[in-house]
Amino acid sequence: MERSEYVRRLDDRLDTAAYADVDASANGLQVGSDRGTVDHVAFAVDAATATIEAAADAGADVLVVHHGISWGGIDRVTGRAYDRIAALADHDIALYVSHLPLDGHADLGNAAGVAAELGLADREPFGELGPVTIGTIGETAAPRSAAAIRETLDGFEGQSDDDPSPTQVLDFGPDDIERVAVVTGSGTDWLDEAVEAGADALITGEGKGKAYHEAREAGLTVFLAGHYATETFGVRSLQALTEEWGLETTYLSHPTGL
C-alpha cells in the first residue's frame, strides 16, 4: 500500500482533522515522508527510543503510536527529540500519531476498549473538550461492586505483576455501580461532568491530588487504573484494522508501570 494512502485511511477513520484545534499533539503523520510504500506497521503506546528501535528490529515501515514526540511544536532538535527523530530517520520509519482522536473514537478508541472490557451497554460520547469528546459513558449489565470492577481493571495489559491489585480506588460512590464514565489517561478533570451525567463511577488512568476530595464530596467512585494500562486499546484496534487492510503488523508492548 502507498504510505500516503495508509495515512489518509487512518486520518479519515479517526476524524483527525476534528481535533486539530483542541489537541496539543501533532496528530497524523508526525515524522517522515508519505512517499513510498508500506508493508509492515508496528504499534506502540509511546514513541520512545526503545519502541522505535523495536519497530526497526521488526522491519516496520511505519510506527503508529498514541503518544508522539511533538506537543505544540519542536523548537530545537536536540537531546531526546534528536535521538528519537534520528532513530526514525536512520531506519526510514515514518511515525504516525493519534492522541485525542484515538481516546474518543466510538469504536476504535481507548475509552471504547475499556468500556467493552467492562461490558458497558447503551454507550454515549462523554468527556467534552471544545467541540469534541474524548471518552464514553454507559451502563453495566448488572450492578457491580467497586471490588468487581477493580478486578477487571487489574487484568489490563501493562498493570504491575508485582502488585496483586494495582488499580487505585477512591471508593466514595454507591455500593452498586451501574453507570460508568470512562476517560483514559489523565481524566479526573472530567469528574464534575461524570457527576452531572449521573455516573456512579469514573474510570481513568491517573489522578491529580484534588481528585480525592472532589470525589469524596461528590459521592463518586474513581478508579485509577494506570495511564499506560488504559491506553493500549486504541493502538490494538488500529493494529486489527491495519491487518484487515492486508498489511503485516507487530505490536510492541512496553509497559511503564504508570
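This is a predicted model: local features need pLDDT of at least 70, side-chain atom pairs count only at pLDDT 80 or more; totals for chains, interfaces and linings use all residues.
Colleague: Where is glycine 205 found?

Modeller: Glycine 205 lies in the loop that runs between β9 (201–204) and α8 (211–218).

Colleague: Is glycine 205 buried or exposed, and why?

Modeller: Glycine 205 counts as buried, because its relative accessibility is 4% and the cut-off for buried is under 20%.

Colleague: What separation do the C-alpha atoms of glycine 205 and glycine 226 have?

Modeller: These two C-alpha atoms, of glycine 205 and glycine 226, are 4.0 Å apart, although the residues are 21 positions from each other along the chain.

Colleague: Turning to the open sheet of five strands, what is the strand order?

Modeller: The order is β1-β4-β3-β2-β11, and the pairing is mixed. The edges are formed by β1 (28–31) and β11 (248–251), each of which pairs on one side only. On average, neighbouring strands of this sheet are turned by 30° against each other, with direction ignored.

Colleague: How many bridges join β1 and β4, and in which sense do they pair?

Modeller: Strands β1 and β4 (residues 94–97) pair over three bridges in the antiparallel sense. Within this pairing, leucine 29 is opposite tyrosine 96 in β4.

Colleague: Which strands does helix α1 touch?

Modeller: Helix α1 (residues 3–14) packs on the sheet and touches β1, β2 (40–46), β3 (62–67) and β4. The direction of helix α1 makes about 10° with that of β4.

How values were computed. Residues are numbered from 1 along each chain as its sequence is written. Side-chain values use heavy atoms; hydrogens and water are left out. Helices (H or I, at least four residues) and strands (E, at least two) are DSSP runs, numbered from the N terminus. Buried means under 20% relative accessible area, exposed over 50%, partly exposed in between (1.4 Å probe, protein chains only). Two strands pair if DSSP finds at least two bridges between them. Axes are lines fitted to C-alpha atoms, for helices over the stretch in contact, and angles run from 0 to 180 degrees between N-to-C directions. Contact means heavy atoms within 4.5 Å.
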